Amino acid sequence: MSLVLDPPIRQEREYTVAAPTLRAADPLPPLAQRAWQQSWLRKTLILILLAILWEAAARWTDNDLLLPTFLQTARAFVDGIVNGELLDRIRISLAVLVQGYLAGIVAAFVLTALAASTRIGRDLLETLTAMFNPLPAIALLPLALLWFGLGKASLLFVIVHAVLWPLALGAYAGFQAVPETLRMAGRNYGLNGLRLVLHILVPAALPSILSGLKIGWAFAWRTLIAAELVFGTTGGQGGLGWYIFQNRSELYTDKVFAGLAAVILIGLLVENVVFRPLETFTVRRWGMQR
């Protein structure tokens with residue numbers, strides 16, 4: 001005979017919940033602290049500090065031929081902009097740079113897409129990058145002058161060389177880092193070859209591709225300025241590098257520094273107007289980069 005025990009009765013309790021109290025909002029930080037959180041303001045202060053140090057060093061040196069003051073350089077820069085001479089040089093250099101940069105991007109994309117889709121393409125890319133990536137683009141300038149003569153074609157040749165290999169390496173490294181699950185998902189949707197590269201690999205490897213684009217831009221810009229310093233004009237017109245070289249020969253040191261300032265300002269402009277918004281609206285918005 002078995003005994004059936006009733007389950008224990010749980011004791012019930014009533015609790016009185018106090019009404020929620022509204023907590024006062026945190027006070028806003030001081031104005032100075034809020035201003036310091038702005039990246040553009042911090043960078044502007046750094047530039048102002050560098051300008052002050054430059055002015056102090058130039059006044060201490062007291063030799064305009066060796067080191068003009070910041071104010072003298074700024075005056076030469078403004079004069080070059082107003083009379084149009086510096087703007088013409090910048091326009092000539094940027095026109096050549098954009099053509100070579102775009103050609104390098106196309107060539108890098110073709111090589112990388114071939115490497116991502118075929119084994120022979122991968123071997124080809126690894127072999128060519130091992131051979132030519134360590135070779136400075138400016139070292140090819142004598143051959144470019146021999147093959148293409150004094151003209152824009154020589155500049156385009158060395159610019160393409162400067163852009164092609166770092167961009168191809170960055171894109172290929174990004175492709176290699178794409179998880180296999182994404183590749184399998186793309187194949188399940190019937191993607192292969194170029195369609196797989198465009199719809200799966202490129203979006204997944206975009207951070208590495210953007211890094212390669214930035215490195216390629218920097219290499220192309222410095223290569224162009226160096227090439228113009230070496231042989232000067234392009235089709236009878238000199239660019240920014242030729243402007244620097246010509247004023248150095250005529251001992252206009254303030255104009256030399258004005259040309260160097262133009263090189264730096266263009267680099268800052270491209271970084272903050274082109275690449276930073278591109279990163280903001282793509283990889284940062286997608287959570288792929290902090």
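This is a predicted model: local features need pLDDT of at least 70, side-chain atom pairs count only at pLDDT 80 or more; totals for chains, interfaces and linings use all residues.

Entry 1: I started at glutamate 271, which is partly exposed at 23% relative accessibility.

I looked up the partners of glutamate 271 next. Its side chain meets that of lysine 214 in a salt bridge, at 3.4 Å from N to O. Lysine 214 sits in helix H10 (residues 206-231) and glutamate 271 in helix H12 (residues 253-281), so this pair ties together parts that lie 57 residues apart in sequence. Lysine 214 is also partly exposed, with a relative accessibility of 24%.

Glutamate 271 has a salt bridge with arginine 276 as well, and there the closest N and O atoms are 3.9 Å apart. I noted the cut-off here: a salt bridge needs the nitrogen within 4 Å of the carboxyl oxygen, so the 3.9 Å pair counts. Arginine 276 is partly exposed, its relative accessible area being 28%. Taken together, Lys214, Glu271 and Arg276 are linked in a network of salt bridges.

**Entry 2: the other salt bridge.** How many salt bridges does the structure hold? I get three. Arginine 59 and glutamate 55 are four residues apart in helix H2 (residues 39-61), which means about one helical turn separates them.

Is glutamate 55 buried or exposed? Glutamate 55 counts as buried, at 12% relative accessibility. Arginine 59, on the other hand, is exposed, with a relative accessible area of 55%.

**Entry 3: threonine 223.** Threonine 223 counts as buried, at 9% relative accessibility. What does threonine 223 touch? Leaving aside residues up to four places away in sequence, I found Ala137, Ile138, Val158 and Ala162.

**Entry 4: two helices crossing.** I then checked helix H3 (residues 70-82) against helix H4 (residues 85-117). Their axes come within 4 Å and cross at roughly 75°. That angle makes H3 roughly perpendicular to H4.

Which residues meet there? On the H3 side I wrote down Phe77, Gly80 and Ile81, and on the H4 side Glu85, Leu86 and Leu87. Sorted by type, the residues of this contact come out as four nonpolar, one polar and one charged.

**Entry 5: stepping back to the whole chain.** I left the overall numbers for last. The chain has twelve helices and two strands. Reading from the N terminus, the order of elements is α-α-α-α-α-α-α-α-α-α-β-β-α-α.

What share of the 290 residues counts as buried? The value is 33%. As for surface, the chain exposes about 18,700 Å², and carbon and sulfur atoms supply 66% of that.

I also looked up the contacts by sequence separation. Among contacts in the chain with a separation of 6 or more, 66% are between residues 24 or more positions apart. The bridge of lysine 214 with glutamate 271, whose parts are 57 residues apart in sequence, is the pair I have marked for a second look in the viewer.

Note on methods: Residues are numbered from 1 along each chain as its sequence is written. Side-chain values use heavy atoms; hydrogens and water are left out. Buried means under 20% relative accessible area, exposed over 50%, partly exposed in between (1.4 Å probe, protein chains only). Contact means heavy atoms within 4.5 Å. Accessible areas come from the Shrake-Rupley method with a 1.4 Å probe; for residues, only the protein chains shown count as cover. Axes are lines fitted to C-alpha atoms, for helices over the stretch in contact, and angles run from 0 to 180 degrees between N-to-C directions. Angles under 35 degrees count as roughly parallel, over 145 as roughly antiparallel, 65 to 115 as roughly perpendicular and the rest as oblique. Ala, Val, Leu, Ile, Met, Phe, Trp, Tyr, Cys and Pro count as nonpolar, Asp, Glu, Lys and Arg as charged, and the others, Gly among them, as polar.
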